[in-house]
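These are my notebook entries on one structure. I set down what I looked up, entry by entry.

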Amino acid sequence: MNNKNYDLNVTTVEMKNIVKMFGSFKANDGIQLTVHKGEIHAILGENGAGKSTLMNILYGLYQPTSGEIYINGQKVVIENPNKAIELGIGMVHQHFMLVPPFTVTENIILGMEPTKSLGRVDFAKARQQVIDISKRYGLNVDPDAKIEDISVGMQQRAEILKVLYRGADILILDEPTAAITPQEIVELIQIMHNLTAEGKSIILITHKLKEIKEAADFCTIVRQGKYINTVNVDDVTEHDLASMMVGRNVEFKVNKKDITPGEVVLDVKDLHCLDYRDVEILRGFNVQVRRGEIIGIAGIDGNGQTELVEVLTGLRKATAGSITMNGKDAYNKSPKELFDMGVTSIPADRQKHGLVLEFANHDNMVIQNIDNTPFSKNGVIDRKAIFDHSHDLFEKFDIRPRGAEGNPSGSLSGGNQQKVIIAREVTNDKDLLIAVNPTRGLDVGAIEYVHRYIVEQRNKGKAVLLVSFELDEVMSLSDRIDVIFEGKIVGSVKGSEADENQLGLMMAGGGAHA
Amino acid sequence: MPKKEQSLWEKITNNAVFYTLLSILFGFLVGAIALAIAGYNPITAYGEMFYRIFGRPNWRSYAFIEYSTPYILTGLAVAFSFKTGVFNIGAEGQFVIGAVAAVLVGIFVPAPAVILIPLCLIAAMLAGMAWGAIVGFLKVRFGVNEVLSMIMFNWIAYYFSNFVVNLKSVEVGGGKTWTKLIQDNAKITFSKDLIAKLGFSPKAHAGILIAIAAVVIIWYIIDKTTLGYRLKAVGFNRNAAVFAGINADRNVMIALAISGCLAAIAGAIQVLGVNYKVSQFAGQEGYGFNGITVALIGNTNPWGVLLAGFFFGSLKFAGTRFGPPSEVVDIMMGCITFFIAVSSLLKEVFTHKPKGGAD
């Protein structure tokens, strides 16, 4: 399903020889980019390759050290985002720029509020405009929901609507599919096609090869700040793209040895709980995870996965049901009690739940174990023990840059932040690992790495519960896949026999029990 | 991103102390303008100001002991709460409660000094801890915003103190609106010989030693203990702390209790070392509120607070007697606080650092 709405005679964006220095570091080193009207142009590169820097230059957030930018044939200097918006450029950032306590409508109109007399905001009109745009492009959102209450997928749609509301003709989408469900991705690609059919150009920053193949017309590859190539997507395979991106051959398959699962570690029966609105979201959820197996929970965002994980990690109270860990009651226990019973997790939001970003990496490495020897004695911290432990983990888990043990975790790249969490949780050596969207926003190399450690935990006889919106990830890792829909399991298939269409159908609530 | 060597200039402009000193310099410049407008020569006025701080043993002990001690402690109270993600604007009330507790024990409990002084301090500490912990409890149990409840608690403490001062058994009598004096056994004074040798006046009290001890203890808690680790984790990222099994509610209450304890010690020292009584208030005295300024000037670091407390206290003292209106010092302090508050902006000017990094 390719786009082909482009008109090669009309060039909308042309960036020539873009160089951007941060101090002595070359984030962009002579990058070229040409985008035509109605074209979906992917920019592919690993984390830190310079994709976002390039787009921030186009959006006026950074000034290039050298190089030229042409918009619709005119040479321009984009001093700031306002200039970019004026030129018809809109950007949906990877980390959303939304005001959490505001509603979807309030966020979308922010800075461009329609007004009535005396400067009062015309909310009725704004709301109607938002509904109109969302209908036109098939972006289903509740205009009155508060951002802090809605899922990541919904938040993203609000971001896209915000850009459309501002009348952008050139849309930059920074990792738009990093957090959303397979169904939402299909919808998003459809929306992108609708937009290009109306003559809009889309620049898609991603490291997901499959989406590039499905959505994009052309693809520009960058590696370590350097321009590698621009290819017609029809002419290359996913494997070609991956190799160009990382500069070496990439292994897609996860190597899993056959093992027979052992006794039951986690047993969840008839679990019920409420969501933030006090609406029942888990309605009789069951799952069993045994030693040496990975159970994948597949499902569309908003069917109770978030709440399930919160209940299992002690952040939310269930209203009914039973949970046992190794046969012991683990129902509505505190996070600390659950940790002591053998539950560790890789949280969905590594910056919110996984790390204290202001803390040094070595402090984050011991956050659950600070009270234990050798990290402290009688309430007094042993800095050297913590540092040595952290230094070992940096080596063992290949966390980069080396020597950053004492730096704040917030200064690491996303992939390395995730490595810190994985190093910590794997080293905790508990019976159950709950991994929630563990590769969100990571590049191919880092994904390979995360998957390897998850499978290694299984091979060591740990129980793994994988909750992910990435169907590919669930399918390639899981020994069994349970599909969640409206708060309960509606189907269960063996990982090796899983079929994307069948799963997709079950995720949408239309599946037969297998 | 590869790490590159920092030049000396970059090291300086990345250091928070540089911006504090810069802010102090700006504060003095603005103060100079105020002095000039008021018709004083700023240079002679500042010269007089420093002379009034350092010139005589008596002045030195006023500036660095009597005036600085309470600000070091309330500054430490506020700084500690900042480190742990809560904002103790209630140091004012905790100070008052500490003073009341100390004065009552100091008047009524018959005991030798070696027992009575610690008893007065302990009573004040417990009262301050309770005063802070109640606010913490209201916050974690009922979600009451700590800033609002603390402002209320400041007034409760204020009127409670006035109530106690006017009790028949407590007031000094003869139509005067203050309490009886505390027993001599409860007063904290230095040995006269020692203090003269150090170049202070005999009136100097030993509260400064308690304040310095408090700085050391708080630094140790924040930097070296698991308690400090947990408090900081909750302060920086409550979600991650809870997720890692740290009881955030409990830690918020502990933080406010410790913070309240520090402010209450300041109140007790004011009674045991300076006033020997508590007077009826005509208005809030501002020890707790000025603690916020001191905490900011000290960059919420215990050692920084110690220096900031000396700085603030000595200028407060000098401001009352260097000639020009004492409000000039308040203007300076206001400006310093303002410049510190906007120092991230100053930092941008100096380092030309764009927001964010590569990718």
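**Entry 1: Arg290(A)**

I began at Arg290(A), which is found in strand 12 (residues 280–290) of chain A; helices (H or I, at least four residues) and strands (E, at least two) are DSSP runs, numbered from the N terminus. I worked on a predicted model, in which local features need pLDDT of at least 70, side-chain atom pairs count only at pLDDT 80 or more, and totals for chains, interfaces and linings use all residues. Residues are numbered from 1 along each chain as its sequence is written, and chains are lettered from A and ligands numbered from 1 in the order in which they are written.

A contact here requires C-beta atoms, placed from the backbone, within 7 Å. I also noted Asp431(A), 141 residues from Arg290(A) in sequence and 9.6 Å from it in space, C-alpha to C-alpha.

**Entry 2: the sheet that holds strand 12**

I traced an open sheet of four strands in chain A, with the order 12-11-14-15 and antiparallel pairing; two strands pair if DSSP finds at least two bridges between them. Strand 12 and strand 15 (328–329) of chain A stand at the edges with a single partner strand each, so one side of each has no neighbour in the sheet. Strand 14 (residues 320–325) of chain A runs antiparallel to strand 15 of chain A, joined by two bridges, and Thr324(A) stands opposite Asp329(A). Helix 9 (residues 305–312) of chain A packs on this sheet and touches strand 11 (264–274) and strand 12 of chain A. I recorded an angle of about 60° between the directions of helix 9 and strand 12 of chain A, with axes fitted to C-alpha atoms, for helices over the stretch in contact, and angles running from 0 to 180 degrees between N-to-C directions.

**Entry 3: strand 19**

Which residues of strand 19 of chain A are buried on each side? I found Leu432(A), Ile434(A) and Val436(A) buried on one side, and Leu433(A) and Ala435(A) on the other. In a regular strand the side chains alternate between the two faces of the sheet. Strand 19 (residues 432–436) of chain A pairs in the parallel sense with strand 16 (residues 343–346) of chain A over four bridges, and Thr344(A) stands opposite Leu433(A). Strand 19 of chain A also pairs in the parallel sense with strand 20 (residues 463–467) of chain A, over five bridges; there Leu433(A) stands opposite Val464(A).

**Entry 4: chain B and confidence**

I counted 22 residues of chain B in contact with 35 residues of chain A. Helix 11 (226–236) and helix 12 (238–243) of chain B are the elements that give two or more residues to this side of chain B.

Chain B averages a pLDDT of 88, and 94% of its residues score at least 70; pLDDT is the predictor's confidence in each residue, from 0 to 100. Over residues 353–359 of chain B the pLDDT is below 50. Where pLDDT is low, the predicted coordinates should not be read in detail. For the complex, I noted an ipTM of 0.79 and a pTM of 0.76 from the predictor.

Methods
Two residues are in contact if their C-beta atoms, placed from the backbone, lie within 7 Å. A residue is buried if 20 or more other C-beta atoms lie within 10 Å of its own, exposed if 12 or fewer, and partly exposed in between; C-beta atoms are placed from the backbone.
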